Amino acid sequence: MKHFLFILLAFVLLVSACDPYAQDEYEEYYVVESYLVANALLPEVRLSTTVPADAFYDFEEAAVNDANIEIQLLESGAESSVEQSWSYRYDAPGIYVPEVDHNVIPGRTYKLDITLPATSEKITSTTTVPEAFQIIGAVPDSIFYQATDQLEFTLSASSYPGRQNIYVFNAVSLRPFSANLTPFYSELIAESDEPEQDLEELANNSSGIINESGFEFNPDGSATVQYPWIGIAFFEDNLIVANTIDDNVYDFIRSQETQLGGSTLSPGEIQNIIYNIEGGIGVFGALASDTVQVYIKRPGS
Amino acid sequence: MYRIFLTLLAIGIWSSVGVSAQQVASISGYVTDSETGETLISANMGLQGTRLGASTNTLGYYTIPNIQPGTYTLVASYIGYKSYSREITLGADENLRLDINLIPESIELEEIEVRSQAELEEQKNIGTAQVDTELIKELPSVFEADVFRSVQLLPGVKAASDFSSGLYIRGGSPDQTLILLDRTTVYNPSHFFGFFSTFNPDAIKDVRLYKGGYPAEYGGRLGSVLSIYNKDGNRKEMAGSATVGLLASRASIEGPYKKGSWMLAVRRSTLEPLLAGLRQSVDNIPSKFYFYDVNGKINFDANANNKFSLAFYAGQDRVSFPFTDDAVFELDYGNQTLSSNWTHIFSEKLFSNTVITGSRYFNYPNFDLAGTPFKRENNIYDFSLKSDLEYLPNNDHRFKMGFWAGIFTFRLNDIFDERTTFQSRIQNQYASFYVQDEWRASERWILTPGVRFNYFSDGEYIRTEPRMAIEFRPTDRIRLQGAYGRYNQFITLISNEAFSGFDVWLTSAEGVSPAYGDQFVLGAKTIPFEDYGLDIEFYYRSMNDLFELDPFLPDVGGLPYQDVFRFGEGYAYGTEVFFEKRAGRFTGFLGYTLAFTWRKFPGFNAEISNQEQTARFYPTKYDRRHDINAVGNYQLSDRWKFTASFNFATGQSYTKVLGRYVQYDLPWTNEDRNAFTVGKVNASRLPNYHRLDISFSRMGRFFDLGDSELQLQLINVYSRRNTWFYNFDFNENPIDVNAVNMLPILPSISYTVNF
């Protein structure tokens, strides 16, 4: 018996002492952020680095200021040659702006090309801009909050290579004061520990990712959308924005949102975000959007 | 591989034919409790002075075939019952039907607990454990005695947290354990979002856990089987009990009628007064929050060879939580099962059991936020016919064969803002057939080859599962065992370990292959000293084609069915040691588990710079390297009993956040997006977990109406604040990391009257 227990103890110690799955050390990465919008001017590009999780974070301190940045229009897809390119210049810590204007072309593929002269490191990423679309047909100028007939609008047909369109909607309040909050959000703000910050975030209230298959399609390929009341945080003037997004933004958002829970992953089981960038992390994304303005009336007003 | 198993089966059948042609006698019958008439599972029968014997099956039936004519002394024994003996004389070709009533031992302090060898044998089969139903009630438990939380104390079984009754067995997630109630599948056996299991301890007769390497008579899950049998009901007299507890109260009643017995047990939460009180001073208290469950069974003994029973279970949880004036959350979920059982004795050697089962699981969460409703309708309907034949040609063989066929219907509708955003209705036919033989090749060797065939209609999947168990007994006190089995699973559970109220089951289909895995188990069961047991098992299991909902899909609308899954693999291995003291004033056990559990999914746990190519195996959150459980029962006096359980476990794995950054410019939000960089997933460990629970119970009388028991319990005696996970507060810079803790010290009291 003693021999048996001794062998067992030795086995347990031997097996548990080996840890082939050790915790990694912190590693610094370059972080990119830029979003092309169909038919809009080329956007600014942010370039910074990560900081250790337990360190004070300040974007200006993390900013990378000595990079050479270009955005290139590719001829026909990610692996094709460059048709045209636009250089960027330093504007502010970590922020670069294009030297000349260019309207982003829907349906075309762009490449972000960053070189860091000090280290010769290179950061690249490509994105295909979603086809542009419009909010078509009549949209009411005003509507009563929580009226039986919801705010409804029609999106013209759009497409994205290889998959259905993926949308994000947002309502931008033009008068984001607490007195204008709708009842549900008013109660949330009343219980908030950070009311000012939350009020600012609610001023641009987004839906999260929605696949277009949930929409009602019309014979001409357009889709009718009924805007849910939960998306309206403020009474009075609101801009309702429909956005369709590329793969890079989609991958970033869907994986970033699981980092803090809410999915089927166990609490504390955190995964890196899905990146589509070579030589760094972050997002070089694209979207197409259209906007309508609606006045949300208080019930009984 | 399965040809080997078929060959062994064929040899077994051939060898049994040779001896069955002799002129011999046999004895068979049911073994029951003399006071209640309840059939006894795994009672031990034997003819003194011979090696002839048998144990009762799960219906309490035994057969001792191939007895040479003559006079014998038949003995029967069972844990907690007086031994039975009777002289019998058997003639050539005589088939003696002998139903036996065993008399329960009165409870006396110095009495040695009687346990039947057969019961120990059943418990000691490889990968198998039995949980004493009395122990379930005696163990200190959070507000309510619970079957699953008692099972979690066994080696190889882990809990995800203090808040979860889910069973994580030998590296498997809860959906890898088949839960059977009276042979009927139960799909979501939980109350209060997973805090409790649905099984009322008053209604239960027997709890059997097959942790791994389980035999061919079971199938459908990769990992393990938990088989629970409800009581048949008292066949002698009317009896009942009532228990008042802090969280729930329960009552049961049972009794005989002319042709059989019946049983009814109900349980309901009793939180309403507490919630009403809280509502006076605290905001955000649910307006409705309760659960109930009802178990019932009626038995009809048509004649000596035919018995029928009808059993049902219904359980439901309901929550209504208006958390602002313009927002409400409601949840309604539960299970219903119905089983109709027919036991038929063809002859003393051939026994059958046929059951028609129906199982329904429903789950209806409902949010209404600012006039925008979200509703989910999730239903599972499972109707099946199951039949098992048991044939005992002689004392060396026990053949079992059977089939299980049914229709499984799954329905899921997601409705957002009055429009259907996801709709799925899948109806599958499934069937399985098995054959196995328990072959006592010699006094020292027992072989149990078997094979199971499975069919699943969606995708036209046919799977073969060879199974084999071998036992060698070098001495009376040592049993060396080994087992191998192939297992398939056609369904998967979408769940979150923190909250099981929204559980949804999905099935394999065309393009979604069923998961499969192999299990290898080696073990030794020993009796080092009289009344002590020391067991050790080593296991290794693989998991292939695991399919689970892709956690990175925020909206699955419009996606092809196979695209909503991620497909992965895994493996687990470990050692379990179980040391128990079985009899005397002090009884209890000490269990130790050394375990490793790994998973891999494409793109998950990849290196940040090479995400497509470098998916790596990672330990699951419930992977705990060391796990020690100690349970002790001490009879202080004829009235007082003390029970304690202690658990120490390596902290669960978690992912340490290494770096951070912020994304500022997302066009559709003013919110700055905080993002993490991490290294390997789950490469760090939470602080070690430990907790001591104690219970005192006092037996007494409730006026002259019946016996009573007062239970005083203390959970987490020294209020160890075990960490569940870490939370990140981004309002602080640097980020503030807070530990989210599990249960603090909790007192509990209950009072039971038996009448």
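**Briefing: chains A and B of a predicted model**

In chain B, four strands form an open sheet in the order E3-E2-E5-E6, paired in the antiparallel sense. Strands here are DSSP runs of E with at least two residues, helices are runs of H or I with at least four residues, and both are numbered from the N terminus. Two strands count as paired if DSSP finds at least two bridges between them. This is a predicted model, so local features need pLDDT of at least 70 and side-chain atom pairs count only at pLDDT 80 or more, while totals for chains, interfaces and linings use all residues. Residues are numbered from 1 along each chain as its sequence is written, and chains are lettered from A and ligands numbered from 1 in the order in which they are written.

**The four-stranded sheet in chain B**

- At the edges of the sheet sit strand E3 (53-55) and strand E6 (84-90) of chain B, each pairing on one side only.
- On average, neighbouring strands are turned by 20 degrees against each other, direction ignored; the axes are lines fitted to C-alpha atoms (for helices, over the stretch in contact), and angles run from 0 to 180 degrees between N-to-C directions.
- Seven bridges hold the antiparallel pairing of strand E5 (residues 70-77) of chain B with E6(B).
- Look at Val75(B) and you'll find its bridge partner in E6(B), Ser85(B).

**Where chain A meets chain B**

- The contact takes in 76 residues of chain A and 71 residues of chain B, where contact means that the C-beta atoms of two residues, placed from the backbone, lie within 7 Å.
- Strand E13 (residues 204-211) of chain A makes the largest contribution to the side of chain A that touches chain B, at six residues.
- By class, that side of chain A has 38 nonpolar, 26 polar and 12 charged residues. Nonpolar covers Ala, Val, Leu, Ile, Met, Phe, Trp, Tyr, Cys and Pro, charged covers Asp, Glu, Lys and Arg, and the others, Gly among them, are polar.
- Strand pairing crosses between the chains too: strand E3 (residues 51-52) of chain A runs antiparallel to strand E41 (residues 657-663) of chain B, joined by two bridges.
- Val51(A) has Arg660(B) as its bridge partner in E41(B).

**Chain A as a whole**

- Chain A has five helices and 17 strands.
- Its radius of gyration is 24 Å, well over the 19 Å that the globule rule gives for 301 residues, so chain A is more spread out than a compact globule. The radius is taken over C-alpha atoms, and the rule is 2.2 Å times the number of residues to the power 0.38.
- The C-alpha trace of chain A spans about 85 × 55 × 40 Å along its principal axes.
- Of the 301 residues in chain A, 42% are buried. Buried means 20 or more other C-beta atoms within 10 Å of a residue's own, exposed means 12 or fewer, and partly exposed is in between, with C-beta atoms placed from the backbone.

**The two domains of chain B**

- Chain B is assigned domain 1 (2-117) and domain 2 (229-754), with bounds from an automatic or database domain assignment.
- The centres of these two domains of chain B, taken over C-alpha atoms, are 33 Å apart.
- In chain B, 31 residues of domain 1 are in contact with 38 residues of domain 2.
- H1(B) gives the most to the side of domain 1 that touches domain 2 of chain B, with nine residues.

**One loop residue**

- Pro528(B) lies in the loop between strand E33 (515-526) and strand E34 (532-549) of chain B.
- Pro528(B) counts as exposed because it has 12 C-beta neighbours inside 10 Å.
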